[in-house]
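Visitor: I would like to go through a protein model step by step. Please show it, and I will ask about its parts.

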Amino acid sequence: MRWFRCVIAVGICLLFLLYGKELSSGDYEEKIVKYVALGDSIAGGYGLKDAEKESYVALVQKKLEAVYGGVYAWNFGENGLKSEELLERLKNPDNPYYAEYQEALIDADLVTVSIGSNDLMQYLSQNLDITKLKKEGDALFSKACEEFEETLPQLVSEIEKRAPEAEIVMNNIYNPCDDTSFSLKEVLGIDVKEVSEKYIGRLNSSYEEIQTLQVLSFSGKMKKKTRVQVTDVKSSLAQSDKVCINRMISLRGIDPHPNKEGHAVIATQVIQDLEKSGFFDKIKE
(Lines give C-alpha, C1' and ligand atoms only; values in the text may rest on other atoms or scores of the structure.)
Protein backbone atom coordinates (compact mmCIF):
# COMPACT_ATOMS: atom_id res chain seq x y z
CA MET A 1 0.00 0.00 0.00
CA ARG A 2 3.06 2.24 0.30
CA TRP A 3 3.09 2.75 -3.47
CA PHE A 4 -0.57 3.80 -3.35
CA ARG A 5 0.13 6.45 -0.71
CA CYS A 6 3.03 7.70 -2.80
CA VAL A 7 0.80 8.08 -5.83
CA ILE A 8 -1.74 10.03 -3.76
CA ALA A 9 0.98 12.28 -2.36
CA VAL A 10 2.38 12.96 -5.80
CA GLY A 11 -1.11 13.72 -7.07
CA ILE A 12 -1.71 16.25 -4.30
CA CYS A 13 1.62 17.93 -5.02
CA LEU A 14 0.74 18.21 -8.69
CA LEU A 15 -2.57 19.83 -7.81
CA PHE A 16 -0.76 22.50 -5.79
CA LEU A 17 1.73 23.07 -8.58
CA LEU A 18 -0.98 23.40 -11.17
CA TYR A 19 -3.14 25.74 -9.08
CA GLY A 20 -3.36 29.05 -10.84
CA LYS A 21 -1.22 27.87 -13.76
CA GLU A 22 -2.28 28.29 -17.35
CA LEU A 23 -4.44 25.56 -18.83
CA SER A 24 -4.43 24.51 -22.44
CA SER A 25 -7.52 26.60 -23.10
CA GLY A 26 -5.72 29.78 -22.00
CA ASP A 27 -7.93 30.13 -18.92
CA TYR A 28 -6.75 30.09 -15.30
CA GLU A 29 -8.13 28.04 -12.45
CA GLU A 30 -9.65 29.42 -9.28
CA LYS A 31 -8.74 33.06 -9.95
CA ILE A 32 -11.35 35.49 -8.71
CA VAL A 33 -10.68 39.05 -9.85
CA LYS A 34 -11.95 41.98 -7.77
CA TYR A 35 -13.00 45.05 -9.73
CA VAL A 36 -14.05 48.37 -8.18
CA ALA A 37 -15.49 51.25 -10.20
CA LEU A 38 -15.45 54.70 -8.60
CA GLY A 39 -16.90 57.94 -9.85
CA ASP A 40 -19.92 59.81 -11.03
CA SER A 41 -22.94 59.10 -13.20
CA ILE A 42 -20.75 58.07 -16.14
CA ALA A 43 -19.48 55.12 -14.13
CA GLY A 44 -23.04 54.52 -12.92
CA GLY A 45 -24.40 54.35 -16.48
CA TYR A 46 -26.90 57.21 -16.21
CA GLY A 47 -29.42 57.29 -19.05
CA LEU A 48 -28.85 53.74 -20.29
CA LYS A 49 -31.76 51.34 -20.67
CA ASP A 50 -29.83 48.60 -18.90
CA ALA A 51 -26.81 50.01 -17.08
CA GLU A 52 -25.96 46.60 -15.60
CA LYS A 53 -25.24 45.35 -19.11
CA GLU A 54 -24.49 48.46 -21.20
CA SER A 55 -22.30 50.69 -19.03
CA TYR A 56 -18.56 50.73 -19.63
CA VAL A 57 -18.13 49.29 -16.13
CA ALA A 58 -20.37 46.33 -17.03
CA LEU A 59 -18.49 45.81 -20.30
CA VAL A 60 -15.10 45.84 -18.58
CA GLN A 61 -16.49 43.36 -16.05
CA LYS A 62 -17.70 41.17 -18.91
CA LYS A 63 -14.18 41.14 -20.35
CA LEU A 64 -12.74 40.14 -16.97
CA GLU A 65 -15.28 37.32 -16.71
CA ALA A 66 -14.35 36.08 -20.18
CA VAL A 67 -10.68 35.92 -19.20
CA TYR A 68 -10.86 34.71 -15.60
CA GLY A 69 -14.36 33.36 -15.02
CA GLY A 70 -14.80 34.64 -11.46
CA VAL A 71 -15.25 38.36 -10.85
CA TYR A 72 -16.39 40.29 -7.80
CA ALA A 73 -17.45 43.77 -8.90
CA TRP A 74 -18.50 46.93 -7.08
CA ASN A 75 -19.86 49.93 -8.97
CA PHE A 76 -19.91 53.02 -6.76
CA GLY A 77 -20.82 55.40 -9.60
CA GLU A 78 -23.18 58.08 -8.30
CA ASN A 79 -25.06 60.85 -10.07
CA GLY A 80 -23.63 64.31 -9.46
CA LEU A 81 -20.58 63.17 -7.52
CA LYS A 82 -17.72 65.68 -7.54
CA SER A 83 -14.03 65.04 -7.02
CA GLU A 84 -13.95 66.55 -3.53
CA GLU A 85 -16.87 64.37 -2.47
CA LEU A 86 -15.12 61.24 -3.71
CA LEU A 87 -11.98 62.26 -1.83
CA GLU A 88 -14.05 62.76 1.33
CA ARG A 89 -15.41 59.22 1.06
CA LEU A 90 -11.91 57.84 0.81
CA LYS A 91 -10.27 59.91 3.57
CA ASN A 92 -12.85 60.61 6.27
CA PRO A 93 -13.68 57.68 8.61
CA ASP A 94 -16.82 59.56 9.69
CA ASN A 95 -18.17 59.59 6.15
CA PRO A 96 -21.05 57.07 5.85
CA TYR A 97 -19.50 55.58 2.70
CA TYR A 98 -15.98 55.23 4.12
CA ALA A 99 -16.14 51.66 5.45
CA GLU A 100 -17.83 50.29 2.34
CA TYR A 101 -15.20 51.85 0.08
CA GLN A 102 -12.34 50.57 2.24
CA GLU A 103 -13.68 47.04 2.26
CA ALA A 104 -14.09 46.94 -1.50
CA LEU A 105 -10.72 48.51 -2.33
CA ILE A 106 -8.42 46.64 0.04
CA ASP A 107 -8.07 43.51 -2.14
CA ALA A 108 -8.99 45.05 -5.49
CA ASP A 109 -7.15 43.90 -8.62
CA LEU A 110 -8.58 46.66 -10.81
CA VAL A 111 -9.98 50.11 -10.04
CA THR A 112 -11.46 52.42 -12.67
CA VAL A 113 -12.32 56.05 -11.95
CA SER A 114 -14.52 58.54 -13.80
CA ILE A 115 -14.54 61.89 -12.01
CA GLY A 116 -14.30 65.63 -12.66
CA SER A 117 -17.19 66.43 -15.00
CA ASN A 118 -19.49 67.55 -12.18
CA ASP A 119 -16.84 69.93 -10.88
CA LEU A 120 -17.86 72.05 -13.89
CA MET A 121 -21.43 70.83 -14.41
CA GLN A 122 -22.49 71.94 -10.93
CA TYR A 123 -22.72 75.48 -12.34
CA LEU A 124 -25.08 74.46 -15.12
CA SER A 125 -28.74 73.60 -14.73
CA GLN A 126 -32.09 73.73 -16.45
CA ASN A 127 -32.62 77.15 -14.86
CA LEU A 128 -29.36 78.42 -16.30
CA ASP A 129 -28.96 82.19 -16.07
CA ILE A 130 -27.13 82.99 -19.30
CA THR A 131 -26.47 86.62 -18.36
CA LYS A 132 -24.93 85.59 -15.05
CA LEU A 133 -22.95 82.84 -16.73
CA LYS A 134 -21.44 85.31 -19.20
CA LYS A 135 -20.36 87.59 -16.35
CA GLU A 136 -19.22 85.06 -13.77
CA GLY A 137 -18.66 81.88 -15.74
CA ASP A 138 -14.93 82.25 -16.23
CA ALA A 139 -14.30 82.88 -12.54
CA LEU A 140 -16.48 79.92 -11.49
CA PHE A 141 -15.04 77.47 -14.00
CA SER A 142 -11.47 78.60 -13.38
CA LYS A 143 -11.93 78.09 -9.65
CA ALA A 144 -13.29 74.59 -10.30
CA CYS A 145 -10.25 73.74 -12.45
CA GLU A 146 -7.83 75.03 -9.82
CA GLU A 147 -9.52 73.02 -7.08
CA PHE A 148 -9.53 69.91 -9.25
CA GLU A 149 -5.81 70.31 -9.85
CA GLU A 150 -5.29 70.03 -6.09
CA THR A 151 -7.85 67.27 -5.52
CA LEU A 152 -6.90 64.81 -8.27
CA PRO A 153 -3.39 63.93 -6.99
CA GLN A 154 -4.86 63.37 -3.54
CA LEU A 155 -7.48 61.05 -5.01
CA VAL A 156 -4.84 59.01 -6.79
CA SER A 157 -2.76 58.79 -3.62
CA GLU A 158 -5.71 57.68 -1.48
CA ILE A 159 -6.77 55.02 -4.00
CA GLU A 160 -3.21 53.72 -4.22
CA LYS A 161 -3.01 53.41 -0.44
CA ARG A 162 -6.35 51.66 -0.12
CA ALA A 163 -5.91 49.38 -3.14
CA PRO A 164 -2.20 48.49 -2.86
CA GLU A 165 -2.31 45.62 -5.37
CA ALA A 166 -4.62 47.18 -7.95
CA GLU A 167 -4.15 48.47 -11.44
CA ILE A 168 -5.78 51.92 -11.39
CA VAL A 169 -7.33 53.39 -14.52
CA MET A 170 -8.26 57.07 -14.44
CA ASN A 171 -10.57 58.11 -17.29
CA ASN A 172 -10.04 61.66 -18.47
CA ILE A 173 -12.94 63.95 -19.35
CA TYR A 174 -14.53 64.09 -22.78
CA ASN A 175 -16.10 67.13 -24.40
CA PRO A 176 -19.80 66.37 -25.01
CA CYS A 177 -19.98 69.29 -27.41
CA ASP A 178 -17.89 67.36 -29.92
CA ASP A 179 -21.01 65.30 -30.51
CA THR A 180 -23.52 68.05 -31.32
CA SER A 181 -25.41 68.37 -34.58
CA PHE A 182 -26.58 71.89 -33.93
CA SER A 183 -25.29 75.16 -32.53
CA LEU A 184 -26.69 77.39 -29.80
CA LYS A 185 -24.36 80.26 -30.53
CA GLU A 186 -27.09 82.28 -32.19
CA VAL A 187 -29.45 81.67 -29.25
CA LEU A 188 -27.06 82.00 -26.32
CA GLY A 189 -24.35 84.14 -27.83
CA ILE A 190 -21.82 81.57 -26.61
CA ASP A 191 -19.71 79.15 -28.60
CA VAL A 192 -20.51 76.21 -26.35
CA LYS A 193 -17.97 73.85 -27.88
CA GLU A 194 -15.15 76.37 -27.62
CA VAL A 195 -15.95 77.32 -24.03
CA SER A 196 -16.31 73.72 -22.86
CA GLU A 197 -13.08 72.74 -24.62
CA LYS A 198 -11.22 75.44 -22.71
CA TYR A 199 -12.17 74.27 -19.23
CA ILE A 200 -12.28 70.54 -19.96
CA GLY A 201 -8.78 71.00 -21.36
CA ARG A 202 -7.71 72.49 -18.04
CA LEU A 203 -9.17 69.57 -16.12
CA ASN A 204 -7.47 67.12 -18.44
CA SER A 205 -4.14 68.85 -17.98
CA SER A 206 -4.36 67.62 -14.37
CA TYR A 207 -4.79 64.09 -15.69
CA GLU A 208 -1.79 64.60 -17.96
CA GLU A 209 0.29 65.62 -14.95
CA ILE A 210 -0.78 62.46 -13.15
CA GLN A 211 0.28 60.38 -16.15
CA THR A 212 3.64 62.14 -16.34
CA LEU A 213 4.32 61.59 -12.64
CA GLN A 214 3.42 57.92 -12.95
CA VAL A 215 5.80 57.42 -15.86
CA LEU A 216 8.64 59.18 -14.02
CA SER A 217 8.11 57.32 -10.75
CA PHE A 218 7.69 53.98 -12.51
CA SER A 219 10.90 54.44 -14.52
CA GLY A 220 12.65 55.44 -11.32
CA LYS A 221 11.45 52.21 -9.68
CA MET A 222 9.66 54.08 -6.92
CA LYS A 223 6.49 52.12 -7.61
CA LYS A 224 6.79 48.36 -7.18
CA LYS A 225 3.21 47.15 -7.31
CA THR A 226 0.54 49.69 -8.17
CA ARG A 227 0.52 51.26 -11.58
CA VAL A 228 -1.77 54.17 -12.44
CA GLN A 229 -2.67 54.94 -16.02
CA VAL A 230 -4.87 57.53 -17.69
CA THR A 231 -7.25 56.40 -20.41
CA ASP A 232 -7.87 59.02 -23.09
CA VAL A 233 -11.66 58.82 -23.17
CA LYS A 234 -11.83 62.30 -24.67
CA SER A 235 -9.99 61.37 -27.86
CA SER A 236 -11.76 58.01 -28.16
CA LEU A 237 -15.22 59.58 -28.18
CA ALA A 238 -14.18 62.52 -30.36
CA GLN A 239 -12.71 60.22 -32.98
CA SER A 240 -15.60 57.76 -33.05
CA ASP A 241 -17.75 57.73 -36.17
CA LYS A 242 -20.81 56.98 -34.02
CA VAL A 243 -23.10 59.28 -32.06
CA CYS A 244 -21.87 58.66 -28.52
CA ILE A 245 -23.84 61.11 -26.35
CA ASN A 246 -27.45 60.77 -25.19
CA ARG A 247 -28.53 64.31 -25.99
CA MET A 248 -25.95 67.05 -25.89
CA ILE A 249 -27.58 70.44 -25.27
CA SER A 250 -31.08 71.74 -25.79
CA LEU A 251 -33.00 74.73 -24.53
CA ARG A 252 -34.55 72.47 -21.87
CA GLY A 253 -31.32 71.47 -20.26
CA ILE A 254 -28.04 69.62 -20.58
CA ASP A 255 -27.44 65.90 -20.85
CA PRO A 256 -23.77 65.23 -21.55
CA HIS A 257 -23.82 61.50 -20.71
CA PRO A 258 -22.57 58.75 -23.01
CA ASN A 259 -25.18 56.54 -24.64
CA LYS A 260 -24.83 52.80 -25.24
CA GLU A 261 -22.40 53.35 -28.12
CA GLY A 262 -20.40 55.83 -26.06
CA HIS A 263 -20.01 53.39 -23.20
CA ALA A 264 -18.88 50.72 -25.63
CA VAL A 265 -16.19 53.08 -26.95
CA ILE A 266 -15.00 53.87 -23.41
CA ALA A 267 -14.90 50.19 -22.45
CA THR A 268 -12.95 49.30 -25.58
CA GLN A 269 -10.33 51.95 -24.84
CA VAL A 270 -10.01 50.91 -21.18
CA ILE A 271 -9.58 47.26 -22.16
CA GLN A 272 -7.03 48.12 -24.84
CA ASP A 273 -5.02 50.14 -22.34
CA LEU A 274 -5.13 47.27 -19.86
CA GLU A 275 -3.89 44.90 -22.55
CA LYS A 276 -1.03 47.24 -23.44
CA SER A 277 -0.01 47.56 -19.80
CA GLY A 278 0.13 43.77 -19.45
CA PHE A 279 -2.61 43.73 -16.83
CA PHE A 280 -4.21 40.50 -18.06
CA ASP A 281 -0.87 38.72 -17.86
CA LYS A 282 0.18 40.19 -14.51
CA ILE A 283 -3.06 39.29 -12.80
CA LYS A 284 -2.65 35.63 -13.76
CA GLU A 285 0.77 35.30 -12.15
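Visitor: How many bridges join S1 and strand S2, and in which sense do they pair?
Guide: This is a predicted model. In it, S1 covers residues 32-39 and S2 covers residues 70-75.

Visitor: Is S1 largely enclosed or largely open, and how many of its residues are buried?
Guide: A residue counts as buried when its relative accessible area is under 20%. S1 has eight residues, and it is largely enclosed by the rest of the structure because the buried ones number six.

Visitor: Which residue of S3 stands opposite glycine 39?
Guide: S1 also runs parallel to strand S3, residues 110-114, with five bridges between them. Alanine 37 is placed opposite threonine 112 of S3. For glycine 39, the residue opposite is serine 114.

Visitor: Which residues of S3 point the other way from Leu110, Thr112 and Ser114?
Guide: In a regular strand, side chains alternate between the two faces of the sheet. Five of the five residues of S3 are buried, so the strand is largely enclosed by the rest of the structure. Leu110, Thr112 and Ser114 share one direction, and the residues pointing the other way are Val111 and Val113.

Visitor: What is the bridge partner of serine 114 in S4?
Guide: Strand S4 spans residues 167-171 and pairs with S3 in the parallel sense over five bridges. Within S4, the partner of serine 114 is asparagine 171.

Visitor: How many residues apart are lysine 34 and aspartate 107?
Guide: Side chains of opposite charge can pair when their charged atoms come close. The side chains of lysine 34 and aspartate 107 form a salt bridge, at 3.8 Å from N to O. Lysine 34 is in strand S1 and aspartate 107 is in the loop between helix H6 and S3, so this pair links distant parts of the chain, and the separation is 73 residues.

Visitor: Is glutamate 167 buried or exposed, and what is its relative accessible area?
Guide: Glutamate 167 makes a salt bridge with arginine 227, at 3.6 Å from N to O. Glutamate 167 lies in strand S4 and arginine 227 in strand S5, so the pair ties together parts that are 60 residues apart in sequence. Arginine 227 is partly exposed at 26% relative accessibility. Glutamate 167 is buried, and its relative accessible area is 4%.

Visitor: Which helix holds lysine 63, the salt-bridge partner of glutamate 275?
Guide: The closest N and O atoms of glutamate 275 and lysine 63 are 3.8 Å apart. The pair links parts of the chain 212 residues apart: glutamate 275 is in helix H12, and lysine 63 is in helix H4.

Visitor: How many salt bridges does a search of the whole structure find?
Guide: Some residues are linked in a network of salt bridges, namely Glu158, Lys161 and Arg162. Over the whole structure, the number found is ten.

Visitor: Which helix supplies the largest share of the negative patch?
Guide: Helix H8 and helix H10 each supply at least two of its residues. Glutamate 146 lies in H8 and is partly exposed, at 44% relative accessible area. The largest share, three residues, comes from H8.

Key: Residues numbered from 1 in each chain as written. Predicted model: local features only at pLDDT ≥ 70, side-chain atom pairs only at ≥ 80, totals over all residues. Heavy atoms only, no water. Buried < 20%, exposed > 50% of the residue type's maximum accessible area, 1.4 Å probe, protein only. Helix = DSSP H or I, 4+ residues; strand = E, 2+ residues; numbered from the N terminus. Pairing = 2+ DSSP bridges. Salt bridge = Lys/Arg side-chain N within 4 Å of Asp/Glu carboxyl O.
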